[in-house]
Each structure stands twice: as C-alpha cells, then as structure tokens.
Amino acid sequence: MSIRYMRDILETSHNIVCLQGRGAALEMGIDFYDENFIFKIEDKYGMSPDEIFSSTFFHNRPAMFYKFYREEMLMKRGLPGVVNKTLKRMEDDGRLKAIVTRGMFNHSKTAGCRNVIQLYGHIDNNRCPHCGKIFPGSYVLEHTPLPLCDVCGTMLHPGVTLSGELLDTQKLTQAAEIISKADTLLVIGCNLASRLGSMSRYFEGDKICLINNKEHYTDRKADCICIGSMEEIITQVYPVK
Ligand SMILES: [Zn+2]
C-alpha cells in the first residue's frame, strides 16, 4: 500500500483526470456489474442480460426491455457513494478536471460532479428519437409499460448505449484529449487492461495512480498502487481537510 505516496501526488496535482471503472459501483452494491447478475437474470427472464441489453431486443420487444431497464437498473440505481463524493470534493478543490466512465448509473453527476464523460450514456438521459427531448430515469419509471415522449408521443430510447449500437465518437475523442492533457491519471475500480483502463494509453502526464479492490498483472504500469476497499482508500488518500 502506498497511501502516503498517493496522497502526496493527489495533493500536489492540479490537473487530475479520473478513469472510474465499475469496481466502485459494485462496492456500493450495484449488482448490474456483479458476476452473479447473469444467473439472476437468466432465472428471472429466461435470457441473458447480454441478449436483453441489445439494440435488436429493444426494437423487437420494447416492453420486456423496459421491464428489465426499470427493474434491474432504474430501481437499483442507489445513491452516490464515498468515491463519488470524494471526487466531487477533488473537483471543487480545482484538482480534478474530468471523470471518464463507462458507468451508466449517473452517480458522479448525482453527487454534483460537473465534468463527467459518460461513454455509454446514463440512465437519466432517455431521449425521444423524434424530437430530441431528454427524460430522467424517474419519467421512465412512472410511464409503463412503454415510456412515450410527452411532446410527440414517440417511444423513448433508453439513455444508455445498447450492444449493437455505436459509441459516441465525439465523447471518445473528447475523453482521449482530456486524458492526454492531464498531469495525473487516477484510475479507480478497473485494471489498466480493461476497456476503460486501457484509455491510459492516451496519457502523457507524470503519474498514474491506481486504486482497485484486486491485483492485476498490469498494475505495474501504474506509478502508485493501492489495493483494497476503494471507499477506505480514497478517504485516506484524499482526506477532508
Ligand atoms: Zn418527442
């Protein structure tokens, strides 16, 4: 553990970018990212989450899709945790410039973080494909079985990117650019070989700090590594003054 070293790095950086993986949300009890989630969903729906969470399924069976979206995502979204709140504090202190995440539960923004690049969208960004109006998750929860736009009556598209759909290349470019300009890259809850963690290849700054709950063979690419409970570690490496 290198708590003191990481604290020194974070407290002297003024241009930190955070890659926030799924680990922290898992630690908060979001089971969408849990290994057992697949079995739970197969038991309940007779299909894998991968089959349901796809563009084809959404278009063919929207009512079933929206049942899944409500019950497995919107109703289980939870509240921002210690990691999200600490990142908010880091942003308020002028140290953290941006968060890049694949997470879809919108915890960072709910915690008040301003500059969050959500590569796969998020559950409060449900969109009318006809007129473009955006609806929060609460609207989808209240409008069953199919959430329709209150302006034009078109069925909404969920706020997240489904498999079979293209990622927003503008967001990817923006993320790569902001990572390349950072002086410190703070990677939380994923390893450096994961799809999010491998965005560290754009980093040209000084130090990579890694906080995760388990070790990985790529950890050695980081300059400072803390393994354990992410909530406990972040509280120690960025304590309230
Ligand atoms: Zn509309």
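## Domains

The C-alpha centres of domain 1 and domain 2 are 29 Å apart. Domain 1 comprises 3–29 + 80–119 + 167–237, and domain 2 comprises 37–76; such bounds come from an automatic or database domain assignment.

This is a predicted model, in which local features need pLDDT of at least 70 and side-chain atom pairs count only at pLDDT 80 or more, while totals for chains, interfaces and linings use all residues. Residues are numbered from 1 along each chain as its sequence is written.

## Overall form

The protein contains 11 helices and 8 strands (DSSP runs numbered from the N terminus: H or I of at least four residues for helices, E of at least two for strands). Its radius of gyration, taken over C-alpha atoms, is 19 Å, close to the 18 Å from the globule rule for 241 residues, so the protein is as compact as a globular protein of that length (the rule is 2.2 Å times the number of residues to the power 0.38). Along the principal axes, the C-alpha atoms fill a box of roughly 55 × 35 × 30 Å.

## Helix 7 and helix 11

The axes of helix 7 (residues 82–92) and helix 11 (residues 230–237) come within 9 Å and cross at roughly 25 degrees. Axes are lines fitted to C-alpha atoms, for helices over the stretch in contact, with angles from 0 to 180 degrees between N-to-C directions. Helix 7 and helix 11 are therefore roughly parallel (angles under 35 degrees).

Val82, Val83 and Thr86 of helix 7 meet Met230, Glu231, Ile234 and Thr235 of helix 11 (contact: C-beta atoms, placed from the backbone, within 7 Å). These contact residues divide into 4 nonpolar, 2 polar and 1 charged (nonpolar: Ala, Val, Leu, Ile, Met, Phe, Trp, Tyr, Cys and Pro; charged: Asp, Glu, Lys and Arg; polar: the others, Gly among them).

Terms used
Angles under 35 degrees count as roughly parallel, over 145 as roughly antiparallel, 65 to 115 as roughly perpendicular and the rest as oblique. Two residues are in contact if their C-beta atoms, placed from the backbone, lie within 7 Å.
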